[in-house]
Amino acid sequence: MQVPTQIISAHCVVAFPDVVDIENAPGLRTALQRIIEAHAHTCDALIADLSASRFATATALSVLVEARRQTRRQGMDLYVVVPAPLARKSFVITGLNESIPLYATLGDVPGRTAPPIPAAAPVPAAAPVTAPAARMPRQPGGGHRGECRTEDGGAACGEDRPAP
């Protein structure tokens with residue numbers, strides 16, 4: 001798979017396709033591996049440019065996790081340019097924004113004037129929804145539905161929780 005790649009200020013910039021899925025992920029993984037190996041001595045960082053993506057699939061995230069491992073082995077950094085709020089949300093929900101720095105534009109990557117996207121800023125925090133405590137119906141012989149009990153009423157699996 002050919003992926004558009006350019007070198008900008010000791011950064012190797014790789015333009016990701018608009019969608020990374022199970023069909024193109026193997027080729028993208030191989031291409032990234034080759035790019036990282038070929039440019040490990042000339043580039044300080046690999047920049048994955050997801051500007052064409054409106055969202056980041058789980059497959060795209062797994063490709064980036066593998067790229068992070070490879071760049072670390074080669075002594076490089078990995079940065080991700082991800083301008084779309086929905087795509088950034090995938091990183092925040094999974095916690096990848098804690099280990100892979102995200103930027104809104106290519107110009108925001110280190111060495112530029114704009115700071116990285118804060119971890120919590122792009123995704124509005126939703127108020128937690130508290131469900132009322134539900135009681136499980138009692139089963140004949142004691143216990144609650146979903147618990148494992150022996151014929152004599154003892155716990156067969158899991159914790160022995162007293163019936164209310």
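This is a predicted model: local features need pLDDT of at least 70, side-chain atom pairs count only at pLDDT 80 or more; totals for chains, interfaces and linings use all residues.
**Cys43.** I started with the contacts of Cys43, taking contact as heavy atoms within 4.5 Å. Leaving aside neighbours within four places in sequence, I found Cys43 touching Ile7, Ala10, His11, Cys12 and Met76. Cys43 sits in the loop between H1 and S3. Buried or exposed, I wondered about Cys43? Cys43 counts as buried because its relative accessibility is 3%; the cut-offs are under 20% relative accessible area for buried, over 50% for exposed and partly exposed in between, with a 1.4 Å probe and protein chains only.

**Ground rules.** Residues are numbered from 1 along each chain as its sequence is written, and side-chain values use heavy atoms, with hydrogens and water left out.

**Overview.** I counted elements next: the protein chain has three helices and seven strands. Both kinds are DSSP runs numbered from the N terminus, helices being H or I with at least four residues and strands E with at least two. From the N terminus on, I read the order as β-β-α-β-α-β-α-β-β-β. Of the 164 residues of the protein chain, 34% count as buried. For contacts with a separation of 6 or more, I noted that 60% are between residues 24 or more positions apart.

**Sheet.** Which order do the strands of the open sheet take? I traced five strands as S1-S2-S3-S4-S5, with mixed pairing. The edges are S1 (5-8) and S5 (102-103), each pairing on one side only. Two strands pair here if DSSP finds at least two bridges between them. I followed S4 on both sides: S3 and S4 run parallel over five bridges, and S4 and S5 are parallel over two bridges. Val81 in S4 stands opposite Asp49, and Tyr103 in S5 is also a bridge partner of Val81. Four of the five residues of S4 are buried, so the strand is largely enclosed by the rest of the structure.

**Helix H2.** I checked the length of H2 (residues 58-73): its 16 residues reach 23 Å from first C-alpha to last, close to the 22 Å expected at 1.5 Å a residue. The expected span is 1.5 Å times one less than the number of residues. Its buried residues are Ala60, Leu61, Val63, Leu64, Ala67, Gln70 and Thr71. What covers them, I asked? The cover includes helix H1 (25-39), strand S3 (45-49), strand S4 (77-81) and helix H3 (85-94). Outside four places in sequence, Gln70 is in contact with Leu32, Gln33 and Ile36. After H2 comes Gly75, with a positive phi near 80°.
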